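User: I would like to go through the labels used for this structure and see what each one rests on.

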Amino acid sequence: MPVTQLSQLPNARAIWSAIDQYNIYVVATMSDAFAQIPDTGADFQMPPPILMYHEGDMCALLIMGERHGAQSQDIRAAAKNTATAILNIPDTMIAVEEPIEVNDRLYSNGGAQKQLSLIGDQNLLTYDPSLRGAISAELADQGYRLNTDAQPYRFSAEQGRRYDPRYGQNGNAPLINNQMATSLSTYANTGALIAYPVGPDHLRFGPAAYVRNENETLQGQLLAKNWTVLEISEPPRGGNGNGNGNGNGNAQN
């Protein structure tokens with residue numbers, strides 16, 4: 001039976017907890033002062049979560065928008081809680097937008113106000129406060145504090161730190177979205193979940209967006225690579241408490 005909804009996935013309850021925390025993050029960004037600015041406010045509002053599935057690899061993908069430089073304590077707390085919930089999902093991999101390697105560790109340089117050059121175990125969010133409120137920064141900061149054997153696998157969702165010119169300039173947007181979709185598909189592993197916090201501009205389309213057509217967005221490019229969108233609803237509690245499949249063709253632990 002094809003997988004069509006969250007409740008059929010392994011660790012469905014844990015994934016739901018992360019989505020629930022992200023939804024709080026979405027509400028916090030919509031209430032922030034920046035989100036109320038005419039004409040540009042939409043850039044600060046985060047989209048709803050997107051949960052996708054690649055049947056061939058039996059791999060799920062959770063896409064979330066993220067903010068950088070948030071002054072709101074509600075946004076910062078929600079980003080921290082979302083990252084904590086993601087790190088509690090077994091067999092989770094983290095895809096990294098605008099990747100940069102520092103001290104043999106992979107970080108996202110998206111939204112950073114300065115080139116990352118951390119020293120030793122220096123706290124990422126103290127080093128660059130502009131990253132506060134970003135789920136990717138919280139995932140890195142919290143993830144690298146875990147014991148080595150508990151740290152999730154992290155991989156680059158792009159070939160380099162950033163294009164120059166960057167997204168939306170010189171028609172680079174569809175190219176970057178395609179590159180991301182290719183990377184996410186390449187790293188899809190059986191039974192795993194990929195968590196990918198990414199700038200919301202990669203998910204938007206229309207006259208005011210960087211791409212005009214839906215098929216040029218990140219989601220559109222993933223659909224072209226045989227990913228499907230799953231229905232998101234709270235999984236039932238039962239069995240092992242994860243809301244997983246029961247052996248009737250659904251995914252299992």
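This is a predicted model: local features need pLDDT of at least 70, side-chain atom pairs count only at pLDDT 80 or more; totals for chains, interfaces and linings use all residues.

User: Why are Tyr107 and Tyr144 called an aromatic pair, and why is the pair called tilted?

Analyst: Two values describe a pair of aromatic rings: the distance of the centres and the angle of the planes. For Tyr107 and Tyr144 the centres are 5.6 Å apart, and the limit for a pair is 6.5 Å. The planes make an angle of 55°. Stacked needs under 30 degrees and edge-to-face needs over 60, so this pair is tilted. The structure holds 5 aromatic pairs.

User: What makes this pair a tie between parts that are apart in sequence?

Analyst: Tyr107 belongs to strand E5 (residues 105-108), while Tyr144 sits in the loop between helix H4 (135-143) and strand E6 (153-156), so the pair ties together parts that are 37 residues apart in sequence. Both Tyr107 and Tyr144 are buried.

User: Which residues do ring pairs link into a cluster?

Analyst: The cluster consists of Tyr153, Phe155 and Tyr187.

User: Why is strand E2 described as largely enclosed?

Analyst: A residue counts as buried under 20% relative accessible area. In E2 (residues 59-65), 7 of the 7 residues are buried, so the strand is largely enclosed by the rest of the structure. Cys59, Leu61, Ile63 and Gly65 point one way, Ala60, Leu62 and Met64 the other way, and all are buried. Across the protein chain, buried residues make up 52% of the 253 residues.

User: How do you know that E2 pairs with strands E1 and E7?

Analyst: Pairing requires at least two bridges between the strands. E1 (residues 50-54) and E2 are joined by 5 bridges and run antiparallel; His54 has Cys59 of E2 as its bridge partner. E2 and E7 (residues 193-198) have 6 bridges, in the parallel sense, and Leu62 has Ala195 of E7 as its partner. Both counts meet the cut-off, so E2 pairs with E1 and with E7.

User: What lies between E1 and E2 in the hairpin?

Analyst: There are 4 residues between the two strands, and Met58 in the turn has a positive phi of about 50°.

Key
Residues are numbered from 1 along each chain as its sequence is written. Side-chain values use heavy atoms; hydrogens and water are left out. Rings of Phe, Tyr and Trp (its six-membered ring) pair if their centres lie within 6.5 Å; planes under 30 degrees apart count as stacked, over 60 as edge-to-face and the rest as tilted. Buried means under 20% relative accessible area, exposed over 50%, partly exposed in between (1.4 Å probe, protein chains only).
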